[in-house]
Amino acid sequence: MASTTENPNAAGHNIEQLESATVRLVGDSGDGMQLFGTQLTNTSALAGNDVATFPDFPAEIRAPRGTRAGVSGFQVQFASAEIYTPGDQLDALVAMNPAALVTNVADLKRNGLLIVNEDSFEAKDLKLANCDTNPLDSPEMESYRVFKIPMTTLTRNAVEELGLSVKVADRCRNFFAMGLIYWLFERDLEPTLRFIQDKFGSKPDIVAANE
């Protein structure tokens with residue numbers, strides 16, 4: 001599917017040239033995964049990629065936060081050639097909480113990228129997801145390239161100077177995760193920055209936070 005270039009890029013990182021990539025974004029129904037997925041789709045299409053998507057909404061209306069029934073997801077495959085499905089096995093999985101992880105990780109390829117919000121794996125989160133132990137401690141995780149990122153903490157720190165409430169700051173986590181995925185797959189920021197201006201232009205503090 002891919003070949004790795006021998007030459008590092010300007011930042012000193014090796015670049016892996018992909019023909020296609022399948023990414024699934026999963027979290028609670030309030031985590032903004034549908035917006036995240038839509039922006040990733042639009043940005044990829046504008047880059048000239050062929051795209052196919054599969055939005056996945058919670059099985060229950062207003063399921064309790066953090067539970068398996070409340071998991072919301074969005075899968076997108078983008079490719080340099082024509083494609084016909086949103087993909088089967090995943091190259092990358094972004095999981096915002098334990099429930100999202102345990103209900104989706106089986107679809108991740110061996111050695112695939114697993115990116116989790118480490119801040120959402122506390123005891124209370126595990127209880128809500130009906131996990132007896134932390135799934136990140138499972139031997140199964142050795143099959144993947146796991147990146148535990150304290151997204152909540154980093155997002156709050158990034159917007160601290162704006163004086164937002166914790167609740168509003170935490171709603172920016174999807175844009176933090178979005179930025180990370182855009183960086184990994186070299187997506188252009190400009191279309192999403194324009195979207196932020198168009199959608200939140202009347203609320204300058206929200207624009208600044210999401211940017």
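This is a predicted model: local features need pLDDT of at least 70, side-chain atom pairs count only at pLDDT 80 or more; totals for chains, interfaces and linings use all residues.
Residues are numbered from 1 along each chain as its sequence is written, and side-chain values use heavy atoms, with hydrogens and water left out.

I placed Q39 in helix α1, taking helices (H or I, at least four residues) and strands (E, at least two) as DSSP runs numbered from the N terminus. Leaving aside neighbours within four places in sequence, I listed M178, Y182, P191, T192 and F195 as the contacts of Q39, contact meaning heavy atoms within 4.5 Å.

I then turned to helix α7 (residues 190–200), where P191, T192, I196 and F200 are buried. Down the axis of α7 these buried residues fall within an arc of 140 degrees, so they line one face of the helix; the arc is that of the directions from the helix axis to the C-beta atoms. Among the elements that cover the buried residues of α7 I found α1, α6 and α8 (204–210).

**Entry: the sheet**

I traced an open sheet of six strands in the order β4-β5-β3-β6-β7-β8, with mixed pairing; two strands pair if DSSP finds at least two bridges between them. The edge strands are β4 (50–56) and β8 (145–149), each of which pairs on one side only. Neighbouring strands of this sheet are turned against each other by 15 degrees on average, direction ignored.

For β7 I noted that β6 and β7 run parallel and are joined by five bridges, with V94 standing opposite I115 in β7. Strand β7 (residues 108–117) also pairs with β8 in the parallel sense, over five bridges, and here I read off K148 as the bridge partner of V116 and I149 as that of N117. Seven of the 10 residues of β7 are buried, and the strand is mostly covered.

**Entry: helices on the sheet and on each other**

Helix α1 (residues 33–46) lies across β3 (20–28), β4 and β5 (71–79), and runs at about 10 degrees to β5. Helix α4 also packs on the sheet, where it touches β6 (90–95), β7 and β8 and makes about 45 degrees with the direction of β7.

How far apart are the axes of α4 and α6? I found 9 Å, with helix α4 (residues 151–159) and helix α6 (residues 173–184) packing at an angle of about 100 degrees; axes are lines fitted to C-alpha atoms, for helices over the stretch in contact, and angles run from 0 to 180 degrees between N-to-C directions. That makes α4 roughly perpendicular to α6, a term for angles of 65 to 115 degrees, whereas those under 35 count as roughly parallel, over 145 as roughly antiparallel and the rest as oblique. The contact is made by M151, T152, L154 and T155 of α4 with R173, F176 and A177 of α6.

**Entry: D28**

I placed D28 in strand β3, where it counts as buried at 3% relative accessibility. Not counting residues up to four places away in sequence, D28 touches P64, R65, G66, G70, S72 and N97.

Conventions: Buried means under 20% relative accessible area, exposed over 50%, partly exposed in between (1.4 Å probe, protein chains only).
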